[in-house]
Amino acid sequence: MNDRAKLMIHRLVARRLAHDPGILDSAKMAVMRLEADYPERTFVSEWREILGQPPGTIRQLLTRRDAGMQRLRLSSTFLEGEGVSFVRDPNVRKRIWRLARKGAAAQRATHAGRQGFSAPA
């Protein structure tokens, strides 16, 4: 469910990026801070590489559903920066988690239905 919530947050970030490319500056500053704290960690160089792409490409990468981006969303420079303060709003976070739980439950029910089992209560 955490992966689902992180994806939802990054979809919001991607939307915001379409209208406010200035949030890239904040994310790039977050990468510089992370480089100072974690110079040997690969996720830092991966984020630096992503942030060097054009905004449209970054938007696509942020919402991609592969294992690499799933891992990177856990250490997102967008969440470290100041440009996406809306995701720090407790009401927004509660709503995202509620939707993530609901989506995970629906996915489990669908999967159980395909397997011929009833979904757990």
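**Close-up 1. Salt bridge between Asp 66 and Arg 64 in the predicted model.** The two side chains meet at 2.5 Å, N to O. Asp 66 is partly exposed at 25% relative accessibility, and Arg 64 is partly exposed at 40%. The whole structure holds four salt bridges.

**Close-up 2. Salt bridge between Arg 48 and Glu 35.** The N to O distance is 2.4 Å. Arg 48 belongs to helix H3 and Glu 35 to helix H2, so the contact ties together parts that are 13 residues apart in sequence. Relative accessibility is 44% for Arg 48, which counts as partly exposed; Glu 35, with 26%, is also partly exposed.

**Close-up 3. Salt bridge between Glu 46 and Arg 71.** The closest N and O atoms are 2.7 Å apart. This pair links distant parts of the chain, with Glu 46 in helix H3 and Arg 71 in helix H5, 25 residues apart. Glu 46 is partly exposed at 23% relative accessible area, as is Arg 71 at 39%.

**Close-up 4. The largest nonpolar core.** Of its 25 residues, Trp 47, Ile 50, Ile 58, Leu 62 and Phe 78 touch the most other members. Helices H1 (2-19), H2 (23-37), H3 (42-51), H4 (55-62), H5 (67-73), H6 (77-80) and H7 each supply at least two residues. The largest share, six residues, comes from H1.

**Close-up 5. Arg 73 in helix H5.** Arg 73 is buried, with 4% relative accessible area. Its C-alpha atom is separated by 7.7 Å from that of Leu 62, 11 residues apart along the chain.

**Close-up 6. A positive surface patch.** Lys 94, Arg 95, Arg 98 and Arg 101 form the patch. Arg 101 is in helix H7 (residues 90-115) and is partly exposed at 44% relative accessibility.

Key:
Residues numbered from 1 in each chain as written. Predicted model: local features only at pLDDT ≥ 70, side-chain atom pairs only at ≥ 80, totals over all residues. Heavy atoms only, no water. Patch = residues over 30% accessible without salt bridge, like charges linked within 9 Å, V, L, I, M, F, W, Y side chains within 5 Å. Areas by Shrake-Rupley, 256 points an atom, 1.4 Å probe, with all protein chains shown as cover. Lys, Arg positive; Asp, Glu negative; His and termini not counted. Charge placed at Lys NZ, Arg CZ, Asp CG, Glu CD. Helix = DSSP H or I, 4+ residues; strand = E, 2+ residues; numbered from the N terminus. Buried < 20%, exposed > 50% of the residue type's maximum accessible area, 1.4 Å probe, protein only. Core = buried A, V, L, I, M, F, W, Y, C linked by side-chain atoms within 4.5 Å.
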